[in-house]
Every structure is written in C-alpha cells, then in structure tokens.
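Q: Please take a close look at the helix packing in this model. I would like the geometry of each pair together with the residues that make the contact.

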Amino acid sequence: MEKSLFDHVAEEERKNTDSRANAPQEFSVSQLSGMLKRRVEEEFGYVRVRGELSRVTRARSGHLYTALKDEDAVLDSVCWKGTLSRLSVQPEEGLDVVCTGRLTTYPARSNYQLVIETMELAGEGALLKMLEERRKKLAAEGLFDENRKKPLPFLPEKIGIVTSPTGAVIRDILHRLAERFPRRVLLWPVMVQGQSAAAQVAAAIEGFNALPEDSPLRPDLLIVARGGGSLEDLMPFNEEIVVRAAASSKIPLISAVGHETDTTLIDYAADLRAPTPTAAAEKAVPVRSQIAAQIRDQENRLILAMQNRLQRHKQALDGLGRGLGQPARLVETAVQRLDQAALRLEMGLKNWLAQRGARLRESAARLTPAALRARIAHDGRQVKNLAERLETAARRKAENDARRLQNTAALLETLSFKKILARGFVLVTDGKSGKPVKEAAKISEGDFVGLQFHDGNVSAIIKAKE
Amino acid sequence: MAEAQKNSDLEKISFEDALLELEKIVRELEAGQGDLESSITAYEKGVALKQHCETKLKAAQAKIEKITLNENGTVSAEETSVDG
C-alpha cells in the first residue's frame with residue numbers, strides 16, 4: 001500500500017492543534033476517520049481528473065472497480081452500476097480518460113477513492129481534431145462529392161456484406177432482410193476492430209469490386225457494417241484506406257457503422273449512410289409484400305384500362321356502324337331500283353310493241369281497196385269533171401273563136417261589098433247556096449237568085465240569058 | 001422466334017425498370033393515349049412485365065454464403081449460417 005492520506009492529514013491536524021494547545025486532542029479512530037471523510041467530501045465534492053484506467057474489474061454486483069493512474073500516482077476509483085450504463089465510454093484497461101466525480105474515503109480500509117460520475121476519452125478532443133482534418137483533406141480530393149454518389153439498386157439480386165461473421169450485427173441485418181425481401185447474401189468476414197481491421201475492411205470492399213462483372217459472386221450492393229463502440233473502436237472506419245476503398249467502389253455501398261449518433265469517415269464516402277445495421281438492411285431492399293401488392297394493383301389497372309379502352313372503341317365502332325347504314329339495305333334499295341327498271345324496261349318494250357302493233361293494225365286496216373277505189377273514183381270523178389270542163393271550155397273557145405271569125409269575116413265581107421253596093425251595085429247570090437254569083441255563065445234562065453242591095457235583099461228569077 | 005427474343009430482352013430488364021415500365025404503360029393506357037393497335041401491344045407488354053416482376057418476386061430466397069480467400073488470391077464462397 002502507498003502512503004495513506006491519513007498520515008498526511010493527521011500531521012496537518014497535529015500542526016494545527018500544536019499552534020493552539022500543547023496537548024493534542026484525542027480522537028477515536030472512527031471520529032478522526034469521520035472528520036477526514038467530511039473534510040475530503042467537502043473539499044473534493046466535484047473533481048475532474050485525467051488518468052489511465054488500470055485494474056478494471058467488474059464485480060458480481062455490477063459495480064466497476066478500477067484505478068486511475070499516471071506516471072507517479074494511483075487513484076482508486078469506483079463506478080456504481082447505475083452510472084456505469086450511462087457512460088459514453090466503455091471502460092477498458094489502458095484507456096486514457098477524463099473522469100468527473102467526487103472523492104470519498106473508505107474508513108474501513110483507511111482508503112480514499114473517486115466515485116466516477118462521467119467518463120470520456122482523454123484523447124478524444126485531439127482525436128476528433130485529427131479526424132476533422134482528415135475529413136477536410138479527403139473532401140478536398142472530392143472523395144465525398146455528391147456527384148460521386150451512385151443510386152442504390154431498387155431490388156439488389158446479391159448483397160455483399162462486409163462485417164464480422166459473429167455478433168449481433170450480421171444477425172440483425174440478415175433478420176431484417178429476411179423479413180422484408182429474402183436475398184442472396186455474400187458475407188465477407190472481417191475483423192471490425194483492432195490493428196488489422198482497417199486493412200481487412202478495405203481489402204473486402206476492393207475484393208468485391210475486383211470480381212468480374214459476370215461473376216456469380218459479384219454483388220450489386222455492398223453493406224459495410226459494425227455495431228456501436230467507442231470512438232477508438234470505430235477508428236478502423238475512419239482510416240484513409242477504408243474511406244478510399246468505399247469512395248472508389250463501383251458497387252453502390254451503404255455504410256452502417258456504430259450507433260445513430262456516431263459518424264465515421266466512411267459514412268461520407270458511402271453512397272448512403274445508414275444509422276444502424278438494421279437500417280442498412282431496410283435501405284437495401286423494399287418490402288416484398290408491398291411490392292407484390294403494387295404489382296397486383298398495376299395489373300388490375302392494366303386490365304381495367306384495356307377493358308375500358310376496348311369498350312370505348314366498341315362503342316365508337318357501333319356508332320360509326322350505325323352511321324354507315326346496313327349494306328343489305330343499301331343493296332335492297334339498289335335491287336329494288338333495278339327490279340323497277342327491269343320491269344319498266346319490259347313493260348316499255350311491250351307497250352312499245354303494242355303501240356306499234358296497234359298503229360300497224362290501224363294502218364293496215366286503212367290500207368283497203370275500198371279506200372283506194374274511193375280515191376280512184378274520186379280521182380276519176382275529178383278527171384271526168386276536169387275533162388268536161390276542158391271540153392266545155394274548149395268548145396266554148398272554139399265557138400267563140402268561130403263566132404268571132406264569122407263575125408269578123410261577115411263584117412269584113414259586108415263592109416267590103418256593101419260600100420260598093422251603096423254606090424249602086426248589086427250582089428247576086430245563088431239562091432240555093434247563097435254564094436255570090438260572079439259569072440253570068442253560072443246562071444241559067446229560071447234560076448233563083450238573090451239580089452242584094454245596099455239597103456236590103458230581093459229575090460229574083462232570071463228571065464233570060466243574053 | 002420473336003417471342004423468345006422478347007423474353008430474353010425482358011430477362012435483362014432490372015426489376016425496378018420493369019416495374020417503372022409497367023407503371024408507365026398503365027398510366028398511358030388509363031390516359032387513353034395512342035391508337036388501338038399500339039395500346040394492344042402496350043397491354044401485351046404490360047402483362048409480360050407483370051409476369052417478369054412476379055417471377056422475380058417469387059424467386060426471393062435467402063441464401064447466405066461466406067466468402068473465403070484462396071491461396072492463389074481467388075475468391076470462393078460457401079453456404080453458411082450465422083444463427084446463434
């Protein structure tokens with residue numbers, strides 16, 4: 001045991017009493033221990049102390065007993081069960097931590113100890129600063145650019161998982177996958193903490209990507225997962241080789257490292273960051289029953305739409321058909337017209353023939369000898385009439401002519417010898433013939449002669465011839 | 001021949017593309033776009049896509065394989081179980 005505080009305090013007390021009185025006050029051990037306890041608890045009610053954890057022991061009761069130490073000193077510490085579960089750091093041997101709490105003494109053992117209330121990693125500030133600088137450096141390289149992010153497949157056929165083959169993480173992922181949409185899973189087992197973890201994780205990501213496109217083992221989605229842990233535990237997923245491997249993965253990659261509040265650098269490089277491994281499985285596949293329902297819905301709509309479509313077309317067609325009229329009816333009309341035309345043609349021909357026949361018969365009837373005879377008789381009468389008229393006319397003309405000639409001749413005769421007669425001559429005419437007698441020789445005694453004077457005629461008998 | 005060609009074309013379509021295509025066809029049919037001829041073609045394609053999707057859904061089967069690295073650097077897988 002180290003030199004106890006008791007000695008030191010007792011000495012102090014003694015000095016104080018020495019200055020007041022010569023005889024030191026006498027205490028019982030318990031009294032003194034009690035005084036000391038009060039003093040320590042008042043003085044060190046709330047302290048913040050940094051040290052390395054050593055002799056970490058979890059008691060059966062659930063309390064944690066440990067010691068904080070540095071190069072020269074050790075401080076016994078205890079973390080009660082209730083507090084222990086709330087610690088942000090899992091106490092582990094050798095961790096450099098900063099604890100807050102109160103000091104108390106353990107009089108039964110003449111001991112003092114720290115009752116831990118909070119614990120954080122001592123190097124965390126420095127570590128976080130280093131990580132932030134690394135993040136900025138990699139971001140400046142463009143490793144985290146949004147345009148590098150690949151869309152996740154809607155329904156991956158094969159899912160590659162990079163994680164520990166044992167533990168809750170892989171089980172959680174597989175369970176959630178089985179619930180949602182059972183898939184073929186290719187597990188690339190790796191250490192997820194410790195010295196070689198980063199190299200193994202990076203090699204697994206690269207290994208999956210190195211598989212040929214047509215390899216039956218090449219997944220179309222990667223999940224890199226790890227359960228919750230301290231910042232140090234998650235450190236492999238902050239390592240540059242892991243971040244670079246994730247960023248250059250051709251296969252879409254989901255990171256699911258630690259708890260929801262933990263962010264590691266691989267999350268920036270991943271195509272999608274899932275808050276937990278279970279969430280990664282949810283992001284990886286849709287829910288099979290929902291998809292099946294969706295497809296059924298689409299199928300129903302497809303069939304309904306097509307039925308409606310056909311119904312519409314049928315109605316449109318019917319409408320058009322009505323507009324078009326029935327072909328039979330069209331033909332009927334035409335046939336009727338043809339029949340009528342044929343009938344009229346026939347009738348027309350008959351009528352025509354009948355008409356012509358009638359006319360022929362009529363003509364034939366009129367074409368009798370009687371008619372001709374009548375005509376001939378009529379014509380004959382006319383000829384006779386004309387002939388009579390011609391005869392009459394001719395006779396009359398002849399008579400006229402003769403009379404005119406006679407008259408003219410008579411006149412001429414008269415005029416010619418009457419003048420002579422006037423001068424005392426007489427015209428002797430044959431009594432019988434009346435013809436002039438110009439020679440005496442022609443007359444014989446006893447003949448009757450006519451003597452014509454200018455003023456009348458007398459008959460005479462010739463008495464003697466000389 | 002043509003039928004076989006069409007099926008092999010379908011085989012290459014991813015599930016999501018098939019589903020998106022199916023949804024597109026349904027929307028177009030519901031909107032009454034296209035002539036009757038093309039809508040019948042679209043309908044037949046929709047039915048084929050739906051069957052393709054259902055086949056993919058039925059094929060859902062969990063299989064867990066663990067990758068092992070061989071000495072020559074190649075990768076192989078063997079079925080495994082992680083329960084327990």
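A: The axes of α11(A) and helix α2 (residues 15–31) of chain B come within 9 Å and cross at roughly 30 degrees; axes are lines fitted to C-alpha atoms over the stretch in contact, with angles from 0 to 180 degrees between N-to-C directions. α11(A) is therefore roughly parallel to α2(B) (angles under 35 degrees; over 145 is roughly antiparallel). The model is predicted, with pLDDT of at least 70 needed for local features and 80 or more for side-chain atom pairs, while totals for chains, interfaces and linings use all residues. Residues are numbered from 1 along each chain as its sequence is written, chains are lettered from A and ligands numbered from 1 in the order written, and side-chain values use heavy atoms, without hydrogens and water.

The crossing of α11(A) with α2(B) is left-handed, that is, the near helix is turned anticlockwise from the far one by less than a right angle. Helices here are DSSP runs (H or I, at least four residues), numbered from the N terminus. On the α11(A) side, the contact (heavy atoms within 4.5 Å) involves A:Ile291, A:Gln294, A:Ile295, A:Gln298, A:Arg301, A:Leu302, A:Ala305, A:Met306 and A:Arg309. They meet residues of α2(B) that include B:Phe15, B:Leu19, B:Leu22, B:Ile25, B:Val26 and B:Leu29. By class, this contact has 11 nonpolar, 2 polar and 5 charged residues (Ala, Val, Leu, Ile, Met, Phe, Trp, Tyr, Cys and Pro are nonpolar, Asp, Glu, Lys and Arg charged, the others polar).

Helix α11 (residues 288–324) of chain A also packs on helix α3 (residues 36–58) of chain B, their axes coming within 10 Å and crossing at roughly 165 degrees. That angle means that α11(A) is roughly antiparallel to α3(B). This crossing is left-handed. The contact of α11(A) with α3(B) has 13 nonpolar, 3 polar and 6 charged residues.

Within chain A, helix α6 (residues 197–210) packs with helix α8 (residues 240–247) at an angle of about 15 degrees, the axes being 8 Å apart. α6(A) is therefore roughly parallel to α8(A), and α6(A) passes α8(A) in a left-handed crossing. Here A:Ala198, A:Ala199, A:Val201, A:Ala202, A:Ile205 and A:Glu206 of α6(A) contact A:Ile241, A:Val242, A:Ala245 and A:Ala246 of α8(A). By class, these residues are 9 nonpolar, no polar and 1 charged.

Technical notes: Helix = DSSP H or I, 4+ residues; strand = E, 2+ residues; numbered from the N terminus. Parallel < 35°, antiparallel > 145°, perpendicular 65-115°, else oblique.
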